[in-house]
Amino acid sequence: MGAEILRDISFDIAPRSFQFLTGPSGAGKTTLLRLILLAIPPTRGLITLFGKDSAELDKAALTALRRKVGVVFQDFRLLDHLTTYQNVALPLRVQEREEASYRLEVSELLRWVGLGERMHVYPPVLSGGEKQRAAIARALIMRPQLLLADEPTGNVDPPLARRLMRLFLELHKSGTSVVIATHDLTLMDQFDGARRLVLGDGRLHIYD
Amino acid sequence: MADMSPLPAARPPIESLAVDDAWRDTPLVPAATVAGRALAIVIAIMTFLAALAAGFAFVLADTSREWRGAVGVEMTIQVTPRSGRDIDADAAKAASVAAAFPGVAEARAFTRQQSEELLAPWLGAGLDLSQLPTPRMIVVRRDPAKAIDVQGLRAALDVALPDASLDDHGAWMQRLDTMAQVVVGAAAAVFVLVLIAMALAVGFATRGAMAGNRDIIEALHFVGAADGFIARQFQFHFLRLGLRGGAAGGGAAILLFLLLGVFTRQWTTSAGGEQAEALFGSFSLGWGGILAIAMISVGVALLASLMSRIIVFRALGGFYDVKD
């Protein structure tokens with residue numbers, strides 16, 4: 001059995017809220033995001049997502065819940081054998097929608113995040129910032145009720161980081177709850193109004 | 001970078017946009033991998049072996065039927081030469097007794113010249129049988145529409161010509177039947193073993209593909225893919241590999257049988273060729289055999305696809321610790 005990660009942590013994420021999840025490296029930010037995403041089960045305790053107890057979910061319900069959550073991974077998790085367009089369209093494709101039914105929607109979103117000219121290239125030839133924007137676009141395409149982003153600005157320079165943050169704010173304004181895991185204090189300081197969840201020593205300190 | 005205009009609104013379905021390669025959906029499980037190519041080759045070899053086993057079983061079953069048909073319709077009377085007797089007259093007498101017996105369509109005694117021709121491949125041309133005490137043969141053809149009392153015919157010959165013996169090839173037919181059944185059974189066993197080996201190979205390959213594509217499976221789960229959707233991606237992946245391997249292996253087997261057919265037809269002009277054709281038939285599969293091999297190829301692809309689906313579903317069942 002490994003070392004215990006996290007401990008008696010209780011918090012909720014309100015609808016249409018915007019928060020940073022922060023703390024030192026190794027504090028468990030990514031683990032907490034994976035717990036919220038139901039990618040790993042808690043060894044004890046209760047996770048309720050959209051009013052449903054995660055311990056009571058069957059596979060179909062889990063899939064339905066995940067479709068309400070957008071996620072941006074620290075390492076992007078783009079599929080290298082699919083083009084940028086196909087990666088961004090993936091959440092729609094897995095719902096078995098016809099490609100023609102979402103082509104314009106995906107193309108417009110890609111143009112909106114500045115990847116209009118990079119639609120048909122593959123992730124290995126994208127820059128770090130472009131991959132980041134593609135991952136964000138993939139998380140946004142379903143217009144999720146909850147967006148989880150793990151160090152979304154970790155691989156980009158400060159000006160691009162600010163622009164990406166404005167993307168998240170735009171999404172928040174359209175009604176999505178946003179949780180951004182970051183240890184970049186400078187970035188958080190630029191968005192004073194946001195709620196801060198600070199993780200450390202197995203405790204979560206909440207600053208509204 | 002984009003301007004920060006509001007998030008674009010969702011659009012209604014667009015039905016009229018042209019589809020071209022740039023937009024077309026790429027398989028989610030990468031198709032052109034080294035492991036995929038290796039598995040396609042394994043499936044091709046397995047299909048080839050399974051098709052060969054099935055093809056030989058077909059050929060032998062057909063040949064066995066031909067043997068039984070050809071041997072069963074004929075009997076042979078052998079007249080042994082005795083000093084002081086005219087063997088030509090004895091042969092003619094035996095033929096006339098047989099021809100008059102109920103159920104016999106024709107009884108034909110081989111002349112001395114015909115007997116010499118029969119023995120020529122073994123004893124050489126220009127043989128003079130008058131110098132050898134060679135028995136004379138009478139070929140008796142049954143009337144397929146009537147039953148024949150073989151024991152009655154044997155008794156009639158004993159009375160008319162004690163030096164004549166009747167062979168109805170019963171022992172031969174029984175041996176041929178047993179041999180054919182053993183060979184066809186062995187071919188069927190090889191066929192089943194090859195299919196089991198292929199199913200196991202696909203099973204291992206599926207597990208390997210799942211391990212190699214774990215990141216893809218995770219990403220698919222996180223973007224809301226159901227297990228059934230993911231299993232279908234693997235199923236289509238292995239169906240494509242199976243069809244490719246099955247077509248190559250089945251096609252090679254059909255080509256081999258066609259070439260063997262051509263070769264044996266050309267070879268039948270020699271004595272060895274005649275023997276080979278008598279034993280194994282003409283190696284001609286016919287449309288039935290070709291169709292069977294084609295069905296084996298498709299069946300192999302479907303088996304590969306089904307195996308992968310079952311394994312992926314089982315593996316995904318334990319992918320996350322949630323209630324099933």
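Two residues count as in contact if their C-beta atoms, placed from the backbone, lie within 7 Å. Helices (H or I, at least four residues) and strands (E, at least two) are DSSP runs, numbered from the N terminus.

This is a predicted model: local features need pLDDT of at least 70, side-chain atom pairs count only at pLDDT 80 or more, and totals for chains, interfaces and linings use all residues. Residues are numbered from 1 along each chain as its sequence is written, while chains are lettered from A and ligands numbered from 1 in the order in which they are written.

**Chain A: the sheet**

Chain A holds eight helices and eight strands. Six strands form an open sheet in the order β4-β5-β6-β1-β7-β8 (chain A), with mixed pairing. Two strands pair if DSSP finds at least two bridges between them. β4 (69–72) and β8 (203–207) of chain A each have a single partner strand, so one side of each lacks a neighbour in the sheet. On average, neighbouring strands of this sheet are turned by 15° against each other, direction ignored.

**Chain A: helices on the sheet**

Axes are lines fitted to C-alpha atoms, for helices over the stretch in contact, and angles run from 0 to 180 degrees between N-to-C directions.

Which residues of α1(A) are buried? They are A:Lys29, A:Leu32, A:Leu33 and A:Leu35. These cover an arc of only 160° around the axis, so they lie on the same side of α1(A). The arc is that of the directions from the helix axis to the C-beta atoms. The buried residues pack against β1, β5, β6 and β7 of chain A. A residue is buried if 20 or more other C-beta atoms lie within 10 Å of its own, exposed if 12 or fewer, and partly exposed in between. Buried residues make up 41% of the 208 residues in chain A. After α1(A) comes A:Leu38, with a positive phi near 60°.

**Antiparallel pairs in both chains**

| Strand | Partner | Bridges |
|---|---|---|
| β7(A), residues 195–200 | β8(A) | five bridges |
| β1(B), residues 74–79 | β3(B), residues 136–142 | six bridges |
| β2(B), residues 104–109 | β3(B) | five bridges |

Individual partners can be named. A:Gly200 is bridged to A:Arg203 in β8(A). In β3(B), B:Arg136 is the bridge partner of B:Val79, and B:Ile138 stands opposite B:Ala109.
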